[in-house]
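Me: Hi! Could you walk me through this model before I set anything up with it?
Reply: Happy to, let's have a look together.

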Amino acid sequence: MESEYGRPLFLDTDLSNVHVPNGRLDPAAGFILDIPALLSAINGVAIPPYISVPVPQVPGATTPSQAAIEALSKKRFAPLTKIAGIGIMLGAAYALASGVPGLVSLGIAGFGGWLVFRSPSLADGFHSEHREYASALSSHVEQLQRSSPIERVLRKKAEALDAIDEFKQLASAFGNIRNDYEKHRREKQLDDHLSQFTIRGARIPKVNSSDIAQLASYGFTTAFDAKRRDVQQVHGIGPVKAPTIAAWIRRVEAKFQFHSAHTPEDKRNIQKAQNEIITKQQGLEERLKKLVGEFRQEAQGFERWKTSNDPELARLTRQLAQAEADLSHVGCPVPSRPNVVPLTVPPVSTFQRGGRPSNFGTTFTSGTQAPPAPAQPHAVSCPRCGNPMVRRTARRGSNAGRPFWGCSRYPRCTGTRPI
């Protein structure tokens, strides 16, 4: 079974008989895995430094809306309307001078003034509409950038790199098994030697039978116990008797002889430790290959996301293009489109073990530095109506419990912004 599956099933299995398919065993590192090839597969996937969602182009030329056409027609007749209003006001003054009742003359004059001053600037309505669409487009682009699947890519890459680090640590531990075992083997033999000498059968000056009974009641029965702990915690054993016990322990230690040759038990212990690490390495190999595959799948998903078309983004772009065409048609200057700063992608070490805690909302920052949060709610304006926004908390849906900016005119206006 071990030969077929390549897994040690018994802890005392001879290392040289363990068969490893698609790999081999190294006496200095245990199971051999092609770490450079795995790192090449991971680092061969390019991760962009920034997340930027481009605004799509509107196909074809955008024609002005009917409202813009009518507004331009009114603009052409506006001078005639004002001239007519001035004429009516002059006629009302003449009628008042000719004896027409004052109320009638004032009514005629008011109508003429209304014709003169009734037409506000045509640009106001179209500029307001343009600001609303530009703000909505900017907010949606920011939201798309924050909802990018790049975080899943980074987390999966961090998991794979953590697994590689874990494999390297296991290989290092495998190489140090014998050295570590040798360091503790002499100490263990000495402890076993001291445990064979009992206090009751020893001849220790100034220590009588009652002292021996007191020592036993505190768990001091062998030279090993007396060396490991302070005997002065026992009632009746003070600074006079404690040195004599310490001298007896030194005499016992002088009789110790270290056996450098490995016993069958030593070989089994070393083999057991090596097999345990090999088993962990082989299990980690399967996990590593799975993580690398999942990482590459997430990276492919991110590439598909970059080339996907968002219907809402296309709709907002068409609305903004229509507003620009209307402004241009009525002869008003067209403001530049909003420039959304790309979001910086954090280093993968942020998501690795030992990295700083992070989440998607705080990890990504605009540019090279996180923008400061508004000190007061009135610093944020609604993307729909331009009114101040207030901080709210979502009660339902996938964002339940998360804060967001909501329009102060809710429910008449449902404009929102992410925090």
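**Talking through the model**

Reply: In this predicted model, residues 24 or more positions apart account for 71% of the contacts with a separation of 6 or more.

Me: Thanks. How many helices and strands does the protein come to?
Reply: The secondary structure comes to 13 helices and eight strands.

Me: And what share of the residues counts as buried?
Reply: Of the 419 residues, 34% count as buried.

Me: Let's do some helix pairs. How do H2 and H6 cross?
Reply: Helix H2 covers residues 35-43 and helix H6 covers residues 150-175; their axes come within 11 Å and cross at roughly 165°. That angle is over 145 degrees, so H2 is roughly antiparallel to H6. The crossing of H2 and H6 is left-handed.

Me: Which residues meet there?
Reply: From H2 you have Ile35, Leu38, Leu39, Ile42 and Asn43, and they meet Lys157, Ala160, Leu161, Ile164, Phe167 and Lys168 of H6. By class, the contact of H2 with H6 has eight nonpolar residues, one polar and two charged.

Me: Ok, now H7 and H11. At what angle do they pack?
Reply: About 140°, with the axes 10 Å apart; helix H7 is residues 177-195 and helix H11 is residues 264-307. H7 and H11 are therefore oblique to each other. Their crossing is right-handed.

Me: What does the contact of H7 with H11 consist of, by class?
Reply: On the H7 side, Ile177, Arg178, Tyr181 and Arg185 meet Glu265, Asp266, Asn269, Ile270, Ala273, Gln274 and Ile277 of H11. The residues of this contact divide into five nonpolar, two polar and four charged.

Me: Which residues does Ala323 touch?
Reply: Not counting residues up to four places away in sequence, Ala323 touches Glu129, His130 and Tyr133.

Me: Tell me about His130 then. Where is its place?
Reply: His130 is in helix H5, residues 122-146. At 3% relative accessibility, His130 counts as buried. For Leu327, the C-alpha atom is separated from that of His130 by 8.5 Å, and the two are 197 residues apart along the chain.

Me: Change of topic: strands. What's up with Arg392?
Reply: Arg392 is in strand E6, residues 389-393. At 29% relative accessibility, Arg392 counts as partly exposed. Between Arg392 and Trp405 there are 5.9 Å in space, C-alpha to C-alpha, and the pair is 13 residues apart in sequence.

Me: And which residues does Arg392 touch?
Reply: Apart from residues up to four places away in sequence, Arg392 touches Arg402, Pro403, Phe404, Gly406, Cys407, Ser408 and Tyr410.

Me: How many disulfides does the count come to?
Reply: With sulfur atoms required to be within 2.5 Å, the count comes to zero disulfides.

Me: Last one, backbone. What is phi of Lys206?
Reply: Phi of Lys206 is near 70°, which is a positive value in a residue other than glycine. Most residues other than glycine have a negative phi.

Me: Where is Lys206 found?
Reply: Lys206 is found in the loop between H7 and helix H8 (209-217). Lys206 is exposed, with a relative accessible area of 56%.

Me: Great, thanks for the tour!

Note on methods. Residues are numbered from 1 along each chain as its sequence is written. This is a predicted model: local features need pLDDT of at least 70, side-chain atom pairs count only at pLDDT 80 or more; totals for chains, interfaces and linings use all residues. Side-chain values use heavy atoms; hydrogens and water are left out. Axes are lines fitted to C-alpha atoms, for helices over the stretch in contact, and angles run from 0 to 180 degrees between N-to-C directions. Helices (H or I, at least four residues) and strands (E, at least two) are DSSP runs, numbered from the N terminus. Angles under 35 degrees count as roughly parallel, over 145 as roughly antiparallel, 65 to 115 as roughly perpendicular and the rest as oblique. A crossing is left-handed if the near helix is turned anticlockwise from the far one by less than a right angle, and right-handed if clockwise. Contact means heavy atoms within 4.5 Å. Ala, Val, Leu, Ile, Met, Phe, Trp, Tyr, Cys and Pro count as nonpolar, Asp, Glu, Lys and Arg as charged, and the others, Gly among them, as polar. Buried means under 20% relative accessible area, exposed over 50%, partly exposed in between (1.4 Å probe, protein chains only).
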